[in-house]
Amino acid sequence: MQAVLLVFVGGAVGAVAREFLMLLVPTLSRGFPLDILVANVAASLLIGLSAGRYSRKVIADRWHLMVTTGTMGGLSTFSSFAYASSVLIEASMTGALVAAAYILISLVMGYVAVIVGLKLGGRPQMQESPA
Amino acid sequence: MKPVDVIWVGLGGGLGSVLRWWVGRLVGERYKGHFPWGTFLINISGSLVIGYLSVLFQVDWHNRHGHGMVLNAFVLTGVLGGYTTFSSMQLDAAGLAAKQHARLAASYLFLSVAAGLLAALAGAALARVQG
């Protein structure tokens with residue numbers, strides 16, 4: 001029961017932070033969803049950071065559940081990412097190209113952000129892997 | 001965005017995150033392989049629902065803050081945004097790559113995007129057929 005509460009509170013904070021972050025970022029011309037991109041890349045960096053800290057046993061299980069699973073999971077969104085892309089694809093040929101660029105940029109930047117976050121957080125296997 | 005919308009986004013984000021955690025645990029208890037089925041199923045089901053509801057309620061994607069609708073703040077931004085996760089998907093992929101499963105990580109990202117797009121399109125098509 002306590003775990004449910006921790007995930008709930010963490011997720012609520014993440015979702016509200018995402019909404020404010022997205023309101024700050026303008027949507028670019030041709031409908032490129034820059035706001036969703038910024039939220040997802042920021043969340044990827046932060047989830048890497050907190051997962052790295054957790055694997056180093058710097059943070060406790062309860063904190064991990066609230067921050068990593070709740071807040072950093074709730075800060076990002078896959079449904080808006082997929083839906084915004086599908087709307088662009090259905091709209092026009094130009095829209096489909098914008099969607100393709102958006103998806104590629106999101107995947108590459110999100111992946112790089114997680115790796116950077118994990119390194120900053122100090123995940124052991126990233127540092128001690130044999131040469 | 002009205003202040004009351006922040007509360008709806010927070011409540012929805014908390015609920016969605018708890019649902020994500022619960023589904024992830026259910027899947028994790030039953031499936032012990034490498035492929036991150038939990039996050040995958042969460043993201044695809046969330047994409048289907050967002051496509052369906054957006055068309056059913058005719059949410060204008062570029063003006064989604066204009067209406068101040070409870071449905072928009074609570075269900076789409078809150079519940080579905082908190083339920084689905086882009087950051088955990090990237091963390092899963094980085095974890096696979098660190099365990100020498102780079103090809104599986106790339107396939108996982110590609111399949112998530114392809115299935116998520118198809119699910120969003122299918123959800124929207126279903127709502128149009130109904131409406």
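Buried residues account for 50% of the 131 residues in chain B, and in chain A they likewise make up 50% of 131 residues. The model is predicted. Chain B contains 5 helices and 0 strands, while chain A contains 6 helices and 0 strands.

**Chain B overall**

- Read from the N terminus, the elements of chain B follow the order α-α-α-α-α.
- The C-alpha trace of chain B extends over about 50 × 30 × 25 Å along its principal axes.
- Of the contacts in chain B with a separation of 6 or more, 74% are made by residues 24 or more positions apart.

**Chain A overall**

- The elements of chain A, taken from the N terminus on, are α-α-α-α-α-α.
- A box of roughly 50 × 45 × 20 Å along the principal axes is filled by the C-alpha atoms of chain A.
- In chain A, 69% of the contacts between residues at least 6 apart in sequence join residues at least 24 apart.
- The accessible surface of chain A is about 6000 Å², with 71% of it belonging to carbon and sulfur atoms.

**Helix packing in chain B**

- Helix 2 (residues 37–56) of chain B packs against helix 5 (residues 102–130) of chain B at an angle of about 30°, and their axes are 7 Å apart.
- Because angles under 35 degrees count as roughly parallel, helix 2 of chain B and helix 5 of chain B are roughly parallel to each other.
- The crossing of helix 2 of chain B and helix 5 of chain B is right-handed.
- Sorted by class, the contact of helix 2 of chain B with helix 5 of chain B comprises 15 nonpolar, 7 polar and 1 charged residues.

**Helix packing in chain A**

- Helix 1 (residues 2–24) of chain A and helix 2 (residues 34–55) of chain A cross at roughly 135°, and their axes come within 8 Å.
- That angle makes helix 1 of chain A oblique to helix 2 of chain A.
- Helix 1 of chain A passes helix 2 of chain A in a right-handed crossing.
- From helix 1 of chain A, the residues A:Arg18, A:Leu21 and A:Met22 meet A:Asp35, A:Ile36, A:Val38, A:Ala39 and A:Ala42 of helix 2 of chain A.
- By class, the contact of helix 1 of chain A with helix 2 of chain A has 6 nonpolar, no polar and 2 charged residues.

**B:Thr84**

- B:Thr84 is located in the loop between helix 3 (70–83) and helix 4 (87–98) of chain B.
- With a relative accessible area of 0%, B:Thr84 is buried, since that class requires a value under 20%.

**B:Gly16**

- B:Gly16 has its place in helix 1 (residues 3–30) of chain B.
- B:Gly16 is buried, with a relative accessible area of 0%.
- Not counting residues up to four places away in sequence, B:Gly16 touches B:Val79, B:Gly82 and B:Tyr83.
- A distance of 13 Å separates the C-alpha atoms of B:Gly16 and B:Ser47, which are 31 residues apart along the chain.

Terms used. Residues numbered from 1 in each chain as written. Chains lettered and ligands numbered in written order. Predicted model: local features only at pLDDT ≥ 70, side-chain atom pairs only at ≥ 80, totals over all residues. Heavy atoms only, no water. Axes fitted to C-alpha atoms, helices over the stretch in contact; angles between N-to-C directions. Helix = DSSP H or I, 4+ residues; strand = E, 2+ residues; numbered from the N terminus. Parallel < 35°, antiparallel > 145°, perpendicular 65-115°, else oblique. Left-handed = near helix turned anticlockwise from the far one by under 90°. Nonpolar A, V, L, I, M, F, W, Y, C, P; charged D, E, K, R; others polar. Buried < 20%, exposed > 50% of the residue type's maximum accessible area, 1.4 Å probe, protein only. Contact = heavy atoms within 4.5 Å. Areas by Shrake-Rupley, 256 points an atom, 1.4 Å probe, with all protein chains shown as cover.
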